[in-house]
Amino acid sequence: MTEREFLADSVEPVQPAGSGQPPKPLKSLGRRILGWLATFIGVILFFTFCLYLLFVVIPQGPEIALARGIGKDTSLTITKIAVDSVKVKKEIALLEKKIDKLTTQGPYLIVNTTDNRFYLYSGKELIREGRCSTGKNTRLIAKKRNYEFKTPRGVHTVQSKQKNPVWAKPDWAFIEEGLPIPPPGHESRFDAYTLGDYKLAIGDGYMVHGTLYKRRMGLPVTHGCIRLLDEDLEVVYNTMPIGSKVIIY
Amino acid sequence: MKTLKILALLLGLMILGALSWLLISAMKAPHSFIEEFKTEMAGIKNNKVILSYPDDLLERKTRLDSRLAMSDDDSIGLRINLKEKFLYLEIKGIVLHKTPILEQKSSSFFKHLSVAEKYVLFHNPLTIQKDDATISKDQFQEVIAPKDTIEAAKMTEIIPDTTLTEPVMYRLYLNHGIRVQITGQLPDSIPQFWPRFRFDYRDRYKYLKELTRSVIRNKPAPYQPTISLVINSRDAEAIYRAVPKKGNVILEL
């Protein structure tokens, strides 16, 4: 091999400028950042759209379908038969009478424990309404047992009525004050002032009575009984005979 | 880089495809619900005489029948009258509480019902199957009994805060797959966006979960015709606490 031949083999041929493909131009840093930003925004937009579809459009799907008339045919295809409309009207009137009769004719008391308000009715007529106090919804945790102070919801009946009532304090009244519990019948158990001038017992130890703590009227502060102001209590006592209903909700 | 782009595109298309499938299934849901409803009601269809009553009388009969049926129950029931725009708490036919409906929105399903279908669905009160609420039915605060009079004297009596602070929202799930959503309207000064958002999101998430499950198992997608009501917040609270867990609800459309 001559020197010329050796050199021709070992040295790569240099492509002359202008022949073949031109070299790719390098992307500038700014354009690259813009590209990434566009991709990022695109991805964010795509996922936002997906979330919108998932949480807004899809849950509304059934409503969209109904609005567009899909599944609109709900009819039971009832072929009507001839009916005597006079007879039907009579039947409806009878039902209306039945509904009317449902309202108690005598007096009854409605107590709203959320708003601490009472409504005294006689039949459909509202006789008196005003503030009251109901159960404070607390649980007293004592050594031997727990006590729940809550006004029981539902329909109750006035079981007994009493003027100038004396309160026979239950155990929790002593526990709450940190006092030792006296034996049953002990004189410290009897209190002639706390219940006010009247009491109406509605069962299970619950009562409608007066109060010494008039400033707290309208607040849920009692141990389950319903406290009324003196004037309201007097009207309730005089209006409601034994056996009338006290409805608490 | 090119492969990555193709993969991302494919993934995107797959996600869109899955979402479209879910949307189509959701849109099909009312149809299967109505078909099911028709089958369920087929037996009652035999009562041709009542269903043949003139529409106005049948509408009245529906209301009266349901009220009478609810009065047989010893517990407090809820009556929703969308025509008069009032909500009533009733027991034994006695109206205990009445509150106006401030805003109402109901699923299109109800708008498509004929008077006869309304009779079939609503002549008996619906029963609450379960509920979901931002407030509790019975809230108890626990107090430890004092050891002696000194400790009792130190204890400050709890004066309950009766001002409105928390948003009241609840859903009552009734039979026939119907549900009622009640929202208490609060003054604008009380922050309520996030609690409402959370409550709403929870419902949508639950729906999507059920929808996906039904699509995977090739079962009809869930559909729950809903009645959404906005009432005074205090009233909303009183109603929720008054109606028992499995209480009765009358719908008067």
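## The open sheet of chain B

In chain B, nine strands form an open sheet with mixed pairing, and their order across the sheet is β3-β2-β1-β10-β5-β7-β8-β9-β4. Its edges are taken by β3(B), residues 94–100, and β4(B), residues 103–106, each of which pairs on one side only. On average, and with direction ignored, neighbouring strands of this sheet are turned by 25 degrees against each other. The model described here is a predicted one.

Helix α7(B), residues 193–216, packs on the sheet and touches β5(B) (126–133), β7(B) (169–174) and β8(B) (179–185), while the direction of this helix makes about 25 degrees with that of β7(B).

In chain A, strand β1(A) spans residues 107–112 and is mostly covered, with six of its six residues buried. In a regular strand, side chains alternate between the two faces of the sheet.

## The partners of β1 in chain A

Strand β1(A) pairs in the antiparallel sense with β2(A), residues 117–122, over six bridges, and Ile110(A) stands opposite Tyr119(A) of β2(A). The hairpin of β1(A) and β2(A) has four residues between the strands, and in this hairpin Asn116(A) takes a positive phi near 55 degrees.

With β13(A), residues 245–248, strand β1(A) pairs in the parallel sense over four bridges, and there Val246(A) is the bridge partner of Leu109(A).

How values were computed. Residues are numbered from 1 along each chain as its sequence is written. Chains are lettered from A and ligands numbered from 1 in the order in which they are written. This is a predicted model: local features need pLDDT of at least 70, side-chain atom pairs count only at pLDDT 80 or more; totals for chains, interfaces and linings use all residues. Side-chain values use heavy atoms; hydrogens and water are left out. Buried means under 20% relative accessible area, exposed over 50%, partly exposed in between (1.4 Å probe, protein chains only). Helices (H or I, at least four residues) and strands (E, at least two) are DSSP runs, numbered from the N terminus. Two strands pair if DSSP finds at least two bridges between them. Axes are lines fitted to C-alpha atoms, for helices over the stretch in contact, and angles run from 0 to 180 degrees between N-to-C directions. Contact means heavy atoms within 4.5 Å.
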